Amino acid sequence: MTSDTIFALATPPGRGAIAIIRLSGSGTGRALETLGASNLKPRMASLRALGMDGHALDQALVLRFPAPNSYTGEDCAELHLHGGRAVVEAVGEALVTLGVRPAEPGEFTRRAFENGRMDLAQAEAVADLIDAETTAQAAQALGQLDGALSQAYAGFRRDLLKALALVEAEIDFPDEEVPDNLARAAGPVLDSLIVDLQTALADGRRGERVREGYRIVLIGETNAGKSSLFNALVAREAAIVTPIAGTTRDVLDADLVIGGYAVTLSDTAGLRDSNDPIEVEGVRRARACAEHADLRLWVRAPGDPEGPAARFARPEDLLVLTKSDLDRPAPPADRHAISVSTRTGEGLGALHDWLAARLATDLSGADFPAVTRERHRRRLTEALASAQAARLALEVSPELAGDDLRRAADSLARVTGAIGVEDILGEVFSTFCIGK
Ligand SMILES: Nc1nc2c(ncn2[C@@H]2O[C@H](COP(=O)(O)OP(=O)(O)O)[C@@H](O)[C@H]2O)c(=O)[nH]1
Ligand SMILES: [Mg+2]
């Protein structure tokens, strides 16, 4: 396969000690030679004086990765240049002159996928790893890059195709040596697969929450101390704090890291009835935001009268009692609560520790999650629906069951971008000694 040769700066733009330009494509070797980098041993670093038309460009460390053992599967190279803007620009211009074109975003990884170096889920993992800002995000992306997610899907798909092979045998050899109840044999296979798919989907959105951030929302009455707590947790004066009830109107989001996990914390308007249309809208937004929370902190100042927030709060919300420095009587201890003061800092450490423990409970698990994106969840849900339809059809029509099973296998294949069902079907079929 011939494709044009591409290059891109692989390190962040700007001034640095080293800048790496990466190349991929069949023209890589020729471009390197023209620039003065010849006699390179595969995958070994060599120092070369790069130049073009008699102009010196840089003294660079050059690495060549011949196809197919490279990131993209094509001839690749890395130029480790001195990281000055002028050097990088001049080398880039020289490459363009030699017919090497600047790469589109994601083009190297796209080529890696197209050349079978990785599947779609792994390509997504590359993007996630580059975007990872917390240790948990990095660990999850690394597991996915390693193929953990792809293997889970391949396992589901293998079971589906096993069931499909049994059903197809019933269709193709209706009255040969194949036992009559062959399609029935597919029942138990499908039953256990359905349980596996349900388990994968019932993961509490762990993978997506690690990747996108766990949503914690502060709710409570006006003046309970929500915005003060918000500022304390994000360690800056992000929200306006005043003694005037109804100060906060918009939902205010801040990203932070707790215990190695990405968290989006939201401060909201105090829940109360109001005639002010702006505040009414703020309260509506507060409620909507709280609906999508993974965890809600019900913020209460002891001694303040109970209002709408008490009715809105749920047993699973964490009760945070504020203004502990004021020594007000604590409410009846009918639920777990953490007392804090943003004046003295009392209790903030305990709250932080409680949150870190809660995140670890909710987001870490022995099993690697099968779902790290909405895209995966959608396909898995489709596959489950088709598998369930196939299970019902099994009792009446092997043909219908076959159609449903193909649909289910297709949905799963879309997650990893695997090739058509037919190829794998042949493989699976060959292990069944049908009609022989
Ligand atoms: N003494 C004391 N006052 C606080 C504390 N936290 C907040 N306040 C005061 O309570 C009032 C309302 O605080 P604010 O954070 O705006 O509450 P919100 O309406 O729930 O966002 C302000 O006057 C704050 O200074 C605290 O820990 N101790
Ligand atoms: Mg506020």
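Let me start with Leu-351, which lies in helix α12, covering residues 348–363; helices here are DSSP runs of H or I with at least four residues, strands are runs of E with at least two, and both are numbered from the N terminus. This is a predicted model, in which local features need pLDDT of at least 70 and side-chain atom pairs count only at pLDDT 80 or more, while totals for chains, interfaces and linings use all residues. Residues are numbered from 1 along each chain as its sequence is written, chains are lettered from A and ligands numbered from 1 in the order in which they are written, and side-chain values use heavy atoms, with hydrogens and water left out.

Is Leu-351 buried or exposed? Leu-351 counts as buried, because its relative accessibility is 0%, where buried means under 20% relative accessible area, exposed over 50%, and partly exposed in between, with a 1.4 Å probe and protein chains only. Leaving aside neighbours within four places in sequence, Leu-351 is in contact with Leu-229, Leu-233, Leu-318, Val-320, Ile-338 and Val-340, contact meaning heavy atoms within 4.5 Å.

Next, the magnesium ion, ligand 2: its protein donors are Ser-227, through OG, and Thr-248, through OG1, at 2.0 to 2.1 Å. The pair links distant parts of the chain, since Ser-227 sits in helix α9 (residues 226–234) and Thr-248 in the loop between α9 and β8 (252–258), 21 residues apart. Donors are N, O and S atoms within 2.8 Å of the metal, or 3.2 Å for Na, K and Ca, and because water is not among the atoms, sites may look incomplete.

Turning to the overall layout, the domain assignment gives domain 1 (6–114), domain 2 (148–203 + 372–430) and domain 3 (210–363), with bounds that come from an automatic or database assignment. The C-alpha centres of domain 2 and domain 3 lie 46 Å apart.

Finally, helix α14, residues 398–416, has 19 residues and should span 27 Å at 1.5 Å a residue, which agrees with the 28 Å between its end C-alpha atoms; the expected span is 1.5 Å times one less than the number of residues. Among the buried residues of α14 are Pro-398, Leu-405, Leu-412 and Thr-416, and the helix is followed by Gly-417, whose phi is positive, near 70°.
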